[in-house]
Amino acid sequence: MYDFEVAFFLYKMSKIQSVFFDSQYKAKAYFAAAMAVDAYDRYIEEMYEKNELRKIPHVGSKIEACIIEILETGQLAELKTYEETFGIYDYSLLLSFGLSDKLIKNLWELSVSSGEDLLDPEQWNRLQALLDKKDQGRLKHFKESYMADRRAC
């Protein structure tokens with residue numbers, strides 16, 4: 001498994017901690033570890049084989065256990081549990097750039113959990129009525145970017 005794939009699991013855990021649990025400490029820990037894994041000058045598999053994962057900055061015992069599970073199984077059970085609990089099937093909104101965690105959480109509570117949900121005209125109009133001007137602008141920018149990305153594929 002490539003380093004960026006392992007880091008992606010950790011990025012997702014970071015965002016879930018931040019949005020759904022409001023746990024900034026855990027969110028920052030996962031994010032810092034993800035950045036370190038992604039940028040480290042040695043391959044994660046090599047570090048794993050030599051039992052040196054803790055040498056990666058920001059990797060403590062908990063995140064080391066996560067990395068080992070990811071490398072050995074290709075999954076992370078805790079992440080899978082969160083995905084099932086919160087109905088996460090698409091990370092387009094959750095991992096978006098430019099939307100605050102508070103806005104994402106508010107959208108989730110309004111049954112908006114993906115970029116696709118914003119393409120429904122009824123849903124879009126309902127959101128426009130509920131959000132302040134600042135969040136409307138951010139969401140409009142996200143929707144335009146999301147649509148442009150879909151057209152590019």
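Author: Gladly! This is a predicted model, and a search of the whole structure finds eight aromatic pairs. One of them is formed by Phe142 and Tyr146.

Reader: What makes Phe142 and Tyr146 a stacked pair?

Author: Their centres are 6.1 Å apart, and rings pair if their centres lie within 6.5 Å. The angle between the planes is 25 degrees, and planes under 30 degrees apart count as stacked, so the pair of Phe142 and Tyr146 is called stacked.

Reader: Where do Phe142 and Tyr146 sit relative to each other in helix α8?

Author: They are four residues apart in α8 (residues 133-152), which means about one helical turn separates them.

Reader: How do you know whether Phe142 is buried or exposed?

Author: The relative accessible area of Phe142 is 9%, and buried means under 20%, so Phe142 is buried. Tyr146, at 14%, counts as buried too.

Reader: Why is Lys143 said to lie over the face of Trp124?

Author: Lys143 is 4.1 Å from the ring centre of Trp124, and the distance limit is 6 Å, along with a limit of 35 degrees from the ring normal. The charged end of Lys12 likewise sits over the ring of Phe9, 5.3 Å from its centre.

Reader: Which residues are buried in helix α6, and what puts them on the same side?

Author: In α6 (residues 101-109), the buried ones are Leu103, Ile104, Leu107 and Trp108. They cover an arc of only 140 degrees around the axis, so they share one side of α6. On the other side, Lys102 and Glu109 are exposed.

How values were computed. Residues numbered from 1 in each chain as written. Predicted model: local features only at pLDDT ≥ 70, side-chain atom pairs only at ≥ 80, totals over all residues. Heavy atoms only, no water. Phe/Tyr/Trp six-rings, centres within 6.5 Å; stacked < 30°, edge-to-face > 60°. Helix = DSSP H or I, 4+ residues; strand = E, 2+ residues; numbered from the N terminus. Buried < 20%, exposed > 50% of the residue type's maximum accessible area, 1.4 Å probe, protein only. Arc of directions from axis to C-beta.
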